[in-house]
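User: Please take me through the aromatic ring pairs in this model. Keep it brisk.

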Amino acid sequence: MKPLQASSGDLNADRRADYAEMLHADGDHAAAAELLLGALELTPQWAMGWFRLGEMQQAAGAPDLAAQAWTMSLQLDPTDRQGAALNLQLIGKAPAAAALPSAFVETLFDHYAESFDESLVEKLGYRLPQLLDQAIRTARPGRFPLALDLGCGTGLMGQRLRPIADRLEGYDISARMLKQARAKGVYDFLGKADLRDFSYAGPKAKLVTVADVFIYVGALDGVVKTIAGLLTGDGLFAFSVEKLAGNGDFVLLPSRRYAHSQHHVREVLAANGFSVLSLETTVIRQDRREPVEGLVVVAGRLPAG
């Protein structure tokens with residue numbers, strides 16, 4: 001992806017950074033890193049510059065120098081809009097985190113909002129909305145008085161839910177994604193919220209959907225507990241995860257997305273009072289022309305007592 005913050009605020013530094021990007025694109029990563037380091041001597045407070053320097057140094061085969069650059073980026077921007085902590089984690093220089101930094105996720109989706117639908121659906125073959133829609137309709141035909149679409153993005157899932165929901169509310173961390181969703185006109189209400197500390201004072205919902213959002217959350221326990229509290233006693237919870245092929249509960253992948261194992265998904269659901277109504281392994285999108293396998297899950301609240 002393009003750098004999220006293209007300008008350092010200094011024309012000379014920007015010119016050097018542009019040349020560094022050209023060298024980096026041509027495969028001369030060491031020369032690119034050297035040139036960008038020169039730009040950073042002019043603008044040492046440029047967090048995105050340090051982050052890009054780390055990426056160039058990593059590509060040049062210098063992981064220790066990359067770690068130093070990413071650490072500097074993180075010091076300059078503790079909210080970590082660039083995702084430096086994730087890169088440090090991936091090279092073993094930082095402990096495993098329970099989720100991606102909220103500021104990173106928000107910045108990422110603000111950056112991509114206008115081209116999101118085209119990129120995801122047309123180029124990456126994104127299929128989750130229709131897959132979840134089919135699974136929901138199979139699990140419980142009919143209508144839902146209230147459905148909450150958490151991490152609604154531009155409203156791709158909402159378009160599927162609208163025909164079966166009397167009231168449909170969507171929530172997302174990105175204001176620009178919400179703007180795109182609002183233009184579709186399918187939601188009765190849209191609100192800006194971080195799923196990890198989601199607070200809701202409205203009535204209990206019959207359906208909660210979380211489509212392609214848990215790829216940004218490693219430890220699911222807290223979020224699933226919150227969702228259990230949003231649902232009526234017979235409510236449905238429909239969601240997806242990327243499928244973890246190896247051992248463990250969840251892993252941060254080089255794509256900077258989390259994958260979860262099937263046994264972990266089942267354990268977290270059971271611990272929070274859900275029974276699995278359906279769980280399907282399927283291709284959910286493409287990534288670098290390779291199919292990405294995921295789990296499409298519909299769970300129901302277990303009877304109280």
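Analyst: Both Y171 and F198 are buried, meaning under 20% relative accessible area with a 1.4 Å probe and protein chains only; exposed is over 50%, and partly exposed lies in between. This is a predicted model: local features need pLDDT of at least 70, side-chain atom pairs count only at pLDDT 80 or more, and totals for chains, interfaces and linings use all residues. Residues are numbered from 1 along each chain as its sequence is written, and side-chain values use heavy atoms, without hydrogens and water.

User: How many aromatic pairs does a search of the whole structure find?

Analyst: Rings of Phe, Tyr and Trp (its six-membered ring) pair if their centres lie within 6.5 Å. Planes under 30 degrees apart count as stacked, over 60 as edge-to-face and the rest as tilted. Searching the whole structure gives a total of 11.

User: What kind of pair do the rings of Y171 and F198 form?

Analyst: The ring centres of Y171 and F198 are 5.0 Å apart. Their planes stand at 75°, so the pair is edge-to-face.

User: How many residues apart in sequence are the parts that Y171 and F198 tie together?

Analyst: Helices (H or I, at least four residues) and strands (E, at least two) are DSSP runs, numbered from the N terminus. Y171 sits in strand 2 (residues 165–172). F198 sits in the loop between strand 3 (189–192) and strand 4 (205–210), so the separation is 27 residues.

User: Is F214 buried or exposed?

Analyst: F214 pairs with F237, with ring centres 6.4 Å apart and planes at 80°. Like F237, F214 is buried.
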